[in-house]
Amino acid sequence: MDIYKILKQLPHRYPFLLVDRVLAIDKGKSIRAVKNVTINEPFFQGHFPYRPVMPGVLMLEALAQAAALLAFDAIDTTPDEDSVYYFAGMDGVRFKRPVEPGDQLILEVELVRMKAGIFKFKARALVDNELAVEAELTCAVRKIA
């Protein structure tokens, strides 16, 4: 899945779109995607000017965006203006290494369970095959009133 398909599936736009490409998707099971981390990211101006590090919450957001792509593919839908994909919870979050400019963050997400618009995922992100972050994510698709 290239960036053009991702833009059709996710409502996020610069500077908040955090998935650059999907490398593989196993329908209803797992996804493997990429976030290329560059020095041009706006958050590096303040986090931290003397030693740029990608904020952990943005690593989790990148994983959630990959999870959304997996969820929409699993239920054969494209999100519309009447629905939104929310974080509902994070468990077991562990940060194992910093992510810096020039790193390629490989996002791996596995769908554990889905029921009534609630999705549970096992997620991790790696840099050079080294674990950067892992977490269990819970997300929900809801209609906007």
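Biologist: What does the lining of the largest pocket have, by class?
Modeller: It has eight nonpolar, three polar and two charged residues. Nonpolar here means Ala, Val, Leu, Ile, Met, Phe, Trp, Tyr, Cys and Pro; charged means Asp, Glu, Lys and Arg; the others, Gly among them, are polar.

Biologist: Where do these coordinates come from?
Modeller: This is a predicted model, where local features need pLDDT of at least 70 and side-chain atom pairs need 80 or more, while totals for chains, interfaces and linings use all residues. Residues are numbered from 1 along each chain as its sequence is written, and side-chain values use heavy atoms, without hydrogens and water.

Biologist: How much space lies in the largest pocket?
Modeller: About 190 Å³. A pocket is an open set of points on a 1 Å grid over the protein atoms alone, where a 1.4 Å probe fits, with protein on both sides within 12 Å along at least five of seven lines; lining residues have an atom within 4 Å of a point. The volume is the space filled by probe spheres set on the points.

Biologist: Which lining residues are closest to its centre?
Modeller: Pro 11, Pro 79, Ser 83, Val 84 and Tyr 85, out of 13 lining residues.

Biologist: And which elements supply at least two residues each?
Modeller: α1 (3–9), α2 (56–74) and β3 (83–95) do. These are DSSP runs numbered from the N terminus: helices (H or I) have at least four residues, strands (E) at least two. The largest share of this lining comes from β3, with three residues.

Biologist: Which residues line the second largest pocket?
Modeller: Asp 91 and Gly 92, then Glu 108 and Glu 110. Lys 122, Ala 123 and Arg 124 also line it, as do Glu 134, Ala 135 and Glu 136. At least two of the lining residues come from each of β3, β4 (104–115), β5 (118–127) and β6 (130–143).

Biologist: Switching to the inside. Which residues of the largest nonpolar core touch the most other members?
Modeller: Met 54, Leu 63, Tyr 85, Leu 105, Leu 107, Val 109 and Phe 121, in a core of 41 residues. β2, α2, β4, β5 and β6 each give two or more residues to this core. α2 gives the most, with 13. A nonpolar core joins buried Ala, Val, Leu, Ile, Met, Phe, Trp, Tyr and Cys through side-chain atoms within 4.5 Å.

Biologist: What does Met 54 touch?
Modeller: Leaving out residues up to four places away in sequence, Met 54 touches Val 37, Phe 43, Phe 44, His 47, Met 59, Val 99 and Leu 105. Contact means heavy atoms within 4.5 Å.

Biologist: Now Thr 138. Buried or exposed?
Modeller: Thr 138 counts as buried because its relative accessibility is 15%. The cut-offs, with a 1.4 Å probe and protein chains only, are under 20% for buried, over 50% for exposed, and partly exposed in between. Thr 138 lies in strand β6.

Biologist: What are its contacts?
Modeller: Beyond four places in sequence, Thr 138 touches Tyr 86, Phe 87, Ala 88 and Gly 89, plus Ile 118, Phe 119 and Lys 120.

Biologist: Last one. Where does Gly 28 lie?
Modeller: In the loop between β1 (21–26) and β2 (30–36). Its relative accessibility is 27%, so Gly 28 counts as partly exposed.

Biologist: Which residues does Gly 28 touch?
Modeller: Leu 70, Ala 74 and Leu 111, again not counting residues up to four places away in sequence. The C-alpha atoms of Gly 28 and Ile 118 are separated by 14 Å, and these two are 90 residues apart along the chain.
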